[in-house]
Amino acid sequence: HSHLLLSPHLPFFAFAVPSAGYLLLLDPTRQAPSWSRLPLPLPAPGAGHAFSPAAASAGLLAFLSDAPGRKTLLLVNPITRLLAPLPLCPTARLSPTVGLAAGPTSFIAVVAGDDLVSPFAVKNISADTFVADAASVPPSGFWARPSSILPRLSSLDPRAGMAFAFASGRFYCMSSSPFAVLVFDVATNAWSKVQP
């Protein structure tokens, strides 16, 4: 559970440049904002092992494998340079939306939508949730089963900036066509939709 060894919370903006192997950090707390460049401990691209930034929380970054199928989610702490791959996502997906909520001893990752229903078709049907808790005895980390079912007519697209926000035990994200806010309650493993 080395991925739970988080550094103290530092307020910064991170811009990942995975192809170049580094992360640009902007520290907004200084009078004259300053930039830092940190190497990323990501695997070298090639042999189908390319990763793209997917989510961030409390200084922990999540990178998602680019290849279609069962996804690999890599958690990276850029300060300590620790990298931890999670077990393969249980559901095959093309380009899902990822949410991450990290605390001092635990984290939750959600991989939602873009279910590969055939080699040529995707649908927004389900979401998989990974829960890790280093404070439990013994420390645990697992994909919650069964997968949670997304609300009917959900439209998630990470390329359109449909990112997750986390508050009070729930993940929130936008859905387009039709417009709505999707809410995922971690405790009940259930989704709901809030429409205007």
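Reply: A residue is called buried under 20% relative accessible area, exposed over 50%, and partly exposed in between (1.4 Å probe, protein chains only). The model before you is predicted, and local features need pLDDT of at least 70, side-chain atom pairs count only at pLDDT 80 or more, whereas totals for chains, interfaces and linings use all residues. Residues are numbered from 1 along each chain as its sequence is written, and side-chain values use heavy atoms, with hydrogens and water left out.

Me: How many salt bridges does a search of the whole structure find?

Reply: A salt bridge is a side-chain nitrogen of Lys or Arg within 4 Å of a carboxyl oxygen of Asp or Glu. By that rule, the search of the whole structure finds 4 salt bridges. One of them pairs Arg170 with Asp185, whose closest N and O atoms are 3.5 Å apart.

Me: Which parts does the pair of Arg170 and Asp185 tie together?

Reply: A strand is a DSSP run of E with at least two residues, numbered from the N terminus. Arg170 lies in strand S17 (residues 170-175) and Asp185 in strand S18 (residues 180-185), so this pair ties together parts that are 15 residues apart in sequence. Arg170 is partly exposed, with a relative accessible area of 32%, whereas Asp185, at 17%, is buried.

Me: Which residues do salt bridges that share partners join into one network?

Reply: The network consists of Arg93, Asp115, Asp128 and Arg145. In this group, Arg93 forms a salt bridge with Asp115, their closest N and O atoms lying 3.2 Å apart. That pair links distant parts of the chain, since Arg93 is in strand S9 (residues 92-93) and Asp115 is in strand S12 (residues 115-118), 22 residues apart. The side chain of Arg93 also meets that of Asp128 in a salt bridge, at 3.0 Å from N to O.

Me: What is the order of the open sheet of 4 strands?

Reply: Two strands are said to pair if DSSP finds at least two bridges between them. The order in this open sheet is S10-S11-S14-S15, with antiparallel pairing. Its edge strands, S10 (97-102) and S15 (140-149), each pair on one side only. Further in, 7 bridges join strand S11 (residues 106-112) to strand S14 (residues 126-133), the two running antiparallel, and the partner that Ala109 finds in S14 is Phe130.

Me: Is strand S7 buried or exposed?

Reply: In strand S7 (residues 73-77), 5 of the 5 residues are buried, so this strand is largely enclosed by the rest of the structure. Both of its faces are covered, with Leu73, Leu75 and Asn77 buried on one side and Leu74 and Val76 buried on the other.

Me: Which strands pair with S7, and over how many bridges?

Reply: Strand S5 (residues 60-65) pairs with S7 in the antiparallel sense over 4 bridges, and there Phe63 stands opposite Leu74. Strand S8 (residues 82-85) is likewise joined to S7 by 4 bridges and runs antiparallel to it, with Val76 opposite Leu83. The hairpin of S7 and S8 has 4 residues between the strands, and within this hairpin Arg81 takes a positive phi near 65°.
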